[in-house]
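Work through the exercises below with the sequence and structure at hand. Each task is followed by its solution.

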Amino acid sequence: MDPTTDNAGNTGEAGTARASLEALRAEIAKAVVGQDPAVTGLVVALLCRGHVLLEGVPGVAKTLLVRALASALELDTKRVQFTPDLMPSDVTGSLVYDTRTAEFSFQEGPVFTNLLLADEINRTPPKTQSSLLEAMEERQVTVDGTPRPLPEPFLVAATQNPVEYEGTYPLPEAQLDRFLLKLTIPLPSRQDEIDVLTRHASGFNPRDLRAAGVRPVAGPADLEAARAAVAKTTVSPEITAYVVDLCRATRESPSLTLGVSPRGATALLATSRAWAWLTGRDYVIPDDVKALALPTLRHRVQLRPEAEMEGVTADSVINAILAHVPVPR
């Protein structure tokens, strides 16, 4: 395909940006094996200016995935290990007294970056968790009454362990709703795990991505051009109604105590547009909505205790709704 013209009719910068973002998968695959859906989810979040919650057991390359994405996009990245004694100022930064000038100066925290990896976010108390809320929503940090803008682009990729809950502080619904997507990172298949071990036996060092051959294939300018193209992606009234019907169906489900809010419906529309553009179209079809429904909605619903005891999951409820709600023709 000519990089200046794609199937969606985007030419010039938009077509080049799409070709560059398509190259991300191959570049990240040099370091991370078999996590294409997570890579796509992170790219969708960047296009929508959203944030991502990554859920998976330890050792499935969540940290490596974010570092590889940052390297391939030539973006700055920082990692914060969330612990019970972490303070809000350890994330946002604080005022420091300078003895030379006899004045207070602001020392930036790790949140001042492009990709912030908030590792094990559910291990820190709510006060510190909430320190990220303003950064995620307003893209700024206010210290001593002074708002300080964050770099652009800015994405929070927060991780949590789905099997170990002792000593954790579950994220409240209001904060979960701030994440555009919740991506589950599965254990690799047998062949993927063999490939991982083969790479390590050949000298692969996950701490040295440059030696692994990961190179920048896109940058902030490509993201801006891509975002402008996504904003022009057409959404028909029928697709808008379909998104609303899906979200309203979650509020009426007998298995749920909490359904998807209007913010969730807006998020699903945004991610569907980004996915449509990434797949080469300048219009959204029902399959785009279905493809992004699970990662966009699974963390925005709350199961009834009795349903949870019967083995019902958020994913199974959403899948049932997708099968039940009429699809526009």
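**Exercise 1.** State the volume of the largest cavity, then describe its lining.

Step 1. The largest cavity has a volume of about 30 Å³. A cavity is a set of points, on a 1 Å grid over the protein atoms alone, where a 1.4 Å probe fits but cannot get out; lining residues have an atom within 4 Å of a point. The volume is the space filled by probe spheres set on the points, which are joined across faces, edges and corners.

Step 2. This is a predicted model, in which local features need pLDDT of at least 70 and side-chain atom pairs pLDDT 80 or more, while totals for chains, interfaces and linings use all residues. Residues are numbered from 1 along each chain as its sequence is written, and side-chain values use heavy atoms, without hydrogens and water.

Step 3. The lining consists of Leu246, Thr250, Ala293, Leu297, Ile318, Ile321 and Leu322. By class, 6 are nonpolar, 1 is polar and none is charged.

Step 4. At least two lining residues come from each of α10 (237-251), α12 (286-297) and α14 (314-324). The most come from α14, with 3 residues. Helices are DSSP runs (H or I, at least four residues), numbered from the N terminus.

**Exercise 2.** Is alanine 218 buried or exposed?

Step 1. Alanine 218 sits in the loop between α8 (190-201) and α9 (220-231).

Step 2. Its relative accessibility is 5%, so alanine 218 counts as buried (under 20% relative accessible area, with a 1.4 Å probe and protein chains only).

Step 3. Leucine 21 is 197 residues away along the chain, yet its C-alpha atom is 6.5 Å from that of alanine 218.

Note on methods
1 Å grid on protein atoms, 1.4 Å probe; cavity = no way out; pocket = protein on both sides within 12 Å on 5 of 7 lines; lining within 4 Å. Nonpolar A, V, L, I, M, F, W, Y, C, P; charged D, E, K, R; others polar. Buried < 20%, exposed > 50% of the residue type's maximum accessible area, 1.4 Å probe, protein only.
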